[in-house]
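Student: Could we go through this structure together? I would like to start with its aromatic residues.

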Amino acid sequence: LFILFLLNPVFAEEGYYSLSYNMNSIVASIELNGIMQTEPSNEEFKSGVATDLNLWIMPGENTLKIKLLKPYKKGKNPSEPKIKVYIRFGQAGQTSDEGKEIVSFIAPEVEGDNITFPFEKEIKFTPAIIPPSELWTKA
């Protein structure tokens, strides 16, 4: 276990922050503290998980920015645009879905509602546990 910590510091004793997202028929981007986590894509469906957010988490207030740029409209029957974004805090051995939810964003909030494009949402949060890093003290 100690060797795992040396090789992969995102799984420190304190845990790790992860970002997961699902985008359906939507062109969108996600930033954390001004760092692009996923760029706009011309794919009908896009999903992913990043377990290396510890580097980008800073002491104090953090900002998750989600930009909904436009609906994806290719093909004969495009589905309604939807997006789900989560930041979670997990422990070593947990999957990103098992961690404690810190931030969530779902659009549309109510099934059947429409998203007005373009749309930008900033979510501010202050993490209880700050990963060890000198990045923000030297930035």
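**Aromatic rings and strands**

Tutor: Let us begin with Phe105, which counts as buried at 8% relative accessibility. Please keep in mind that this is a predicted model.

Student: How many aromatic pairs are found in the whole structure?

Tutor: A search of the whole structure finds two aromatic pairs. One of them joins Tyr17 and Phe89; this pair is tilted, with 4.7 Å centre to centre and 55° between the planes. Tyr17 lies in strand S1 (residues 16–24) and Phe89 in strand S6 (residues 82–90), so the pair ties together parts that are 72 residues apart in sequence.

Student: Are Tyr17 and Phe89 buried or exposed?

Tutor: Tyr17 is buried, at a relative accessible area of 2%. Phe89 also counts as buried, at 10% relative accessibility.

Student: And how are the rings of Phe105 and Phe119 arranged?

Tutor: The ring centres of Phe105 and Phe119 are 6.5 Å apart and the planes are at 15°, so the pair is stacked. Phe105 belongs to strand S7 (residues 100–107) and Phe119 to strand S8 (residues 119–125), so this pair ties together parts that are 14 residues apart in sequence. Phe119 is partly exposed, with a relative accessible area of 36%.

Student: What lies over the face of Tyr86?

Tutor: That is Arg88, at 4.3 Å from the ring centre of Tyr86.

Student: Back to S1, please. Why is S1 described as largely enclosed?

Tutor: Seven of the nine residues of S1 are buried, so the strand is largely enclosed by the rest of the structure.

Student: Which sense does the pairing of S1 and S6 have?

Tutor: S1 and S6 pair in the antiparallel sense, over nine bridges. Within this pairing, Val85 of S6 is the bridge partner of Tyr21. S1 also pairs with strand S4 (residues 45–50) in the antiparallel sense, over six bridges. There, Asn24 stands opposite Phe45 of S4.

Student: New topic: which peptide bonds are cis?

Tutor: The bond from Ala107 to Pro108 is cis, with omega near -5°. Another cis peptide bond joins Phe117 and Pro118, where omega is about -15°. Pro108 is in the loop between S7 and S8, and Pro118 is found in the loop between S7 and S8 as well.

Student: What about Ser25: what is its phi, and where is it found?

Tutor: Phi of Ser25 is near 55°, a positive value in a residue other than glycine. Ser25 is found in the loop between S1 and strand S2 (26–32), and it counts as buried at 0% relative accessibility.

Key
Residues numbered from 1 in each chain as written. Predicted model: local features only at pLDDT ≥ 70, side-chain atom pairs only at ≥ 80, totals over all residues. Heavy atoms only, no water. Phe/Tyr/Trp six-rings, centres within 6.5 Å; stacked < 30°, edge-to-face > 60°. Helix = DSSP H or I, 4+ residues; strand = E, 2+ residues; numbered from the N terminus. Buried < 20%, exposed > 50% of the residue type's maximum accessible area, 1.4 Å probe, protein only. Lys NZ or Arg CZ within 6 Å of the ring centre and 35° of its normal. Pairing = 2+ DSSP bridges.
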